[in-house]
Amino acid sequence: MAIAHLFKSHDKDLGGGFTVRRILPAAARQSVGPFLFFDHMGPVEAAPGTRHDVRPHPHIGLATVTYLFEGAIMHRDSLGTEQRIEPGAINWMTAGSGIVHSERTPEDLLERTRRTHGLQLWAALPREHEEAPAAFSHTPADQIPEVSLDGVKVRVLVGTALGKTSPVPTFAETLYLDVHLDAGAAIELDKLPEEAALYAPFGAIEVDGEPIAANTMAMLEPGAAVRVSSGEGARFVVIGGAPLDGKRFIFWNFVSSSRERLEQAARDWDEDRFVPVPGETERIPLPPLPSAWRTG
């Protein structure tokens, strides 16, 4: 068997009626390579005048990785970045020692019926880079390398595969591919990182002949080479990389190898010590602290 684990998604309401399918972290595993958070957003349709905004909120110790299939998001952060995120582009935001950002509906789309569909992942930073300076990297769709095979198209979003290397900067071995399969097509995947997983947002796939149910992530055995096929056509992503260098603690939007660092970040947000997003007047308040923190 090439499949080590199957992770089912569960629904998570982000507010305003915007629900995502959350796959990672899972009960069986915290992460796949550096990726310890995997949200499948939508597809969701919004009526004219409806907002699905995420107000300013902080992060530490991670990088957010946003990839859209449909729709658009206006990203703003405490570095002063203002970037419209559109389908096919990769947006890698390094939180490091701390960043604040908002994700809002672009003003020109507010009065239209629109759909939003995409993936948002978090990559934990290696311990030596957890406190790296915050940064934002936008790679437009036309700068993402592509490889065309027989009935297959592969976009190398992050990392290196099939002789192509993405320009997206990372801190450790990281792989993120977007693979399109025509009906009846198949692809052989080998030379994958030690930890790798597959997830199909569109269509059904088979891994070495084994069907993978919708909204299910299949983590592969280390070093496995697999044949992925689809009778009716599909689109799936491959994620992975080197295993994390130790356990990560997660609270709200904060990730760290140190629980004490999470506590400090929570206090800093609660006491308004993070640099704000220019022009933003709203913020998401700190959620209740874990009971273990409150009791010491």
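User: Before I look at single residues, what do buried, exposed and partly exposed mean here?

Analyst: A residue is buried under 20% relative accessible area, exposed over 50%, and partly exposed in between. Keep in mind that this is a predicted model.

User: Okay. Is Asp272 buried or exposed, then?

Analyst: Asp272 has a relative accessible area of 55%. The cut-off for exposed is over 50%, so Asp272 counts as exposed.

User: Where is Asp272 in the chain?

Analyst: Asp272 sits in the loop between helix H1 (259-270) and helix H2 (291-295). The backbone there has a positive phi of about 60°, although Asp272 is not a glycine.

User: What is the phi of Lys191 like?

Analyst: Lys191 is not a glycine, yet its phi is positive, at about 55°. Lys191 belongs to the loop between S18 and S19. With a relative accessible area of 83%, Lys191 is exposed.

User: Now rings. How many aromatic pairs are there?

Analyst: The count comes to ten aromatic pairs. One of them is Phe35 with Tyr176, an edge-to-face pair at 6.1 Å centre to centre and 65° between the planes. Phe35 is in strand S4 (residues 35-46) and Tyr176 in strand S17, so this pair ties together parts that lie 141 residues apart in sequence.

User: Are those two buried or exposed?

Analyst: Phe35 is buried, at a relative accessible area of 0%. Tyr176 is buried as well, also at 0%.

User: How do the rings of Phe69 and Phe202 sit against each other?

Analyst: Their centres are 5.0 Å apart and their planes stand at 80°, so the pair is edge-to-face. This pair also links distant parts of the chain, with Phe69 in strand S6 (residues 62-70) and Phe202 in strand S19 (residues 195-202), 133 residues apart.

User: What about the accessibility of Phe69 and Phe202?

Analyst: Phe69 is at 11% and counts as buried. Phe202 is at 30% and counts as partly exposed.

User: Which residues are in the cluster that ring pairs link together?

Analyst: The cluster is made of Phe35, Tyr67, Phe69, Tyr176 and Phe202.

User: On to sheets. What is the strand order in the open sheet of four strands?

Analyst: The order is S5-S10-S7-S8, and the pairing is antiparallel. Strand S5 (54-59) and strand S8 (82-85) are at the edges with a single partner strand each, so one side of each has no neighbour in the sheet. On average, neighbouring strands of this sheet are turned by 25° against each other, direction ignored.

User: How many bridges hold S7 and S8 together?

Analyst: Strand S7 (residues 73-77) pairs with S8 over four bridges, in the antiparallel sense. Met74 has Arg84 in S8 as its bridge partner.

User: What lies between S7 and S8?

Analyst: They form a hairpin with four residues between them, and Gly80 in the turn has a positive phi of about 95°.

User: Which residues of S8 are on its covered face?

Analyst: Gln83 and Ile85 are on the covered face, while Glu82 and Arg84 are on the uncovered one.

User: What does S3 pair with?

Analyst: Strand S3 (residues 19-24) pairs with strand S2 (residues 10-13) in the antiparallel sense, over four bridges. S3 also pairs with S4, again antiparallel and over four bridges. Across these pairings, His10 stands opposite Arg22 in S3, and Arg21 stands opposite His40 in S4.

Note on methods
Residues numbered from 1 in each chain as written. Predicted model: local features only at pLDDT ≥ 70, side-chain atom pairs only at ≥ 80, totals over all residues. Heavy atoms only, no water. Pairing = 2+ DSSP bridges. Helix = DSSP H or I, 4+ residues; strand = E, 2+ residues; numbered from the N terminus. Axes fitted to C-alpha atoms, helices over the stretch in contact; angles between N-to-C directions. Phe/Tyr/Trp six-rings, centres within 6.5 Å; stacked < 30°, edge-to-face > 60°. Buried < 20%, exposed > 50% of the residue type's maximum accessible area, 1.4 Å probe, protein only.
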